[in-house]
Amino acid sequence: MNTDLLISKIIDEGAKKPLARPHIQAAYWLSGALIYIFGLCAYNGFRPDLYEKLSTPLYGLELFFLGLMSVSTALAAFCLARPDVHQKPWIKVIPFVLFMPWAMIAYFNSSGHIDFESLYSSLCASKFDCPWHIAIFSIPPGACLFYIIRKAAPIQCCWAGTMATWSVASLAYIAMRIAEQNDNLAHLIIWHALPVMLMCMVGMVLGKISLKWR
Amino acid sequence: MQKSQQGDKSAYGQLFYEITPILRSFISKKINRQEDVEDIVQEILISVHKAGHTYDTDRPFKAWMFAIARYRLNDHLRNVYKKREYGQDVNFDDVSYDLPNKENVTERYENQEYLSSLLEHLPEKQQKIVVMMKIEGYTAKETAAKLNMTESAVKVSAHRAYKALSLIAEKDM
């Protein structure tokens with residue numbers, strides 16, 4: 001087709017209305033995801049010692065850092081849905097920076113030791129309901145986030161997928177921490193942290209498949 | 001783009017007519033086949049149109065547009081390498097077309113001779129500076145280090161040499 005003819009067709013179609021800014025999109029999505037996740041949490045019931053736990057600073061800090069991680073990854077995912085994201089390369093680094101203090105706080109906030117035996121016994125306990133709950137918490141808001149990103153133009157689709165999954169998984173992790181009364185370190189590593197990491201990897205692959213801008 | 005996002009179709013058209021030659025020259029530098037260049041330019045134009053809603057008016061338009069252009073160019077190259085279109089059925093007529101013909105070679109040789117004759121009119125130091133900076137590709141800093149001069153002295157000397165060369169060339173014409 002002739003380029004001039006193509007341009008005239010494009011002009012006939014006209015420009016699309018601009019998307020909301022990434023931080024506004026992130027704010028809307030986070031509000032919706034929080035309503036869903038905490039609504040589900042409230043329906044299932046919070047952990048009985050939640051009030052006591054919230055008064056301990058480490059627990060509060062752990063939740064705070066998880067929240068920060070979720071916000072930063074959501075913002076990164078929405079920024080990554082735009083072609084000129086290369087102008088903000090630092091946006092992908094922030095969640096990794098937040099991950100380190102969160103991991104330390106989570107370590108000091110948990111109970112029990114971390115050795116091969118405790119990890120093995122935790123693995124044998126077969127607490128499959130934890131990753132299952134994480135998945136239930138994550139899938140609907142995650143699917144919604146993927147849909148919104150896909151409607152934009154994600155050039156770095158793997159990164160966008162990873163950040164989107166990380167964001168929703170962090171929210172699900174918060175939900176699990178306020179719903180389940182178990183602070184055992186081995187349990188948290190095997191049945192909470194590892195599934196979340198696995199989800200992020202799956203998110204990267206899903207991003208490559210479903211978010212590729214064609 | 002800001003106007004076109006508000007529904008101004010003529011501004012939208014003007015934008016596309018203005019970016020097309022920019023994109024064409026950008027792609028021509030990377031791709032040799034003219035028909036491929038036009039295809040890629042058209043793909044980029046479609047992508048710019050499809051992704052128009054992701055453009056933030058507070059941010060530079062060209063950076064956004066070239067990000068799309070690079071993405072589409074890489075996409076095209078990926079497809080070419082996947083299909084292994086390169087290196088298959090090499091047409092030697094096309095290859096010889098790209099090679100310089102006899103006339104070009106002699107023309108280039110004549111130019112070189114003319115340039116050396118012009119350089120002979122310059123003082124030795126200026127000759128050295130011009131040869132090092134314009135033919136051998138040294139920077140002003142490197143030239144200064146080699147000739148034991150300051151960088152600014154090299155720049156001044158080079159400037160004077162270029163002026164002298166252009167005057168001599170004008171006289172010859």
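Chain B has a mean pLDDT of 80, and 82% of its residues reach 70 or more; pLDDT is the predictor's confidence in each residue, from 0 to 100. This is a predicted model, in which local features need pLDDT of at least 70, side-chain atom pairs count only at pLDDT 80 or more, and totals for chains, interfaces and linings use all residues. Residues are numbered from 1 along each chain as its sequence is written, while chains are lettered from A and ligands numbered from 1 in the order in which they are written. For the complex, the predictor gives an ipTM of 0.78 and a pTM of 0.71.

**Confidence along chain B**
- Among the elements of chain B, helix H3 (residues 34-50) has the highest mean pLDDT, 89, and helix H5 (residues 92-98) has the lowest, 50.

**Chain A overall**
- Chain A has 9 helices and 0 strands, where helices (H or I, at least four residues) and strands (E, at least two) are DSSP runs numbered from the N terminus.
- The C-alpha trace of chain A spans about 70 × 35 × 30 Å along its principal axes.
- Of the 214 residues in chain A, 43% are buried; a residue is buried if 20 or more other C-beta atoms lie within 10 Å of its own, exposed if 12 or fewer, and partly exposed in between, with C-beta atoms placed from the backbone.
- In chain A, 87% of the contacts with a separation of 6 or more come from residues 24 or more positions apart; two residues are in contact if their C-beta atoms, placed from the backbone, lie within 7 Å.

**A bent helix in chain A**
- Helix H9 (residues 185-210) of chain A has 26 residues and reaches 35 Å from its first C-alpha to its last, close to the 38 Å expected at 1.5 Å a residue; the expected span is 1.5 Å times one less than the number of residues.
- H9(A) bends by about 30° at Ala193(A), with the proline Pro195(A) following within four residues; the bend is the angle between axes fitted to the seven residues ending at a residue and the seven starting there.

**Nonpolar cores**
- The largest nonpolar core has 73 residues, and Ala77(A), Leu80(A), Ile149(A), Ala160(A) and Ala172(A) touch the most other members; such a core is a set of buried Ala, Val, Leu, Ile, Met, Phe, Trp, Tyr and Cys residues joined through C-beta atoms within 7 Å.
- Helix H8 (residues 157-179) of chain A gives the most to this core, with 15 residues.
- A second, separate core of 8 residues includes Leu122(B), Ile129(B), Val130(B) and Val154(B).

**Chain B overall**
- Chain B also gets its own count, with 9 helices and 0 strands.
- Buried residues make up 20% of the 173 residues in chain B.
- Among chain B contacts between residues at least 6 apart in sequence, 47% join residues at least 24 apart.

- Asn148(B) lies in the loop between helix H8 (140-147) and helix H9 (151-172) of chain B, and has a positive phi of about 55° although it is not a glycine.
- Most residues other than glycine have a negative phi.
- Asn148(B) is exposed, with 6 other C-beta atoms within 10 Å.
- Ser25(B), in helix H2 (residues 9-28) of chain B, is exposed with 11 other C-beta atoms within 10 Å.

**Where the chains meet**
- In the interface, 21 residues of chain A are in contact with 26 residues of chain B.
- The side of chain A that touches chain B has 12 nonpolar, 4 polar and 5 charged residues; Ala, Val, Leu, Ile, Met, Phe, Trp, Tyr, Cys and Pro count as nonpolar, Asp, Glu, Lys and Arg as charged, and the others, Gly among them, as polar.
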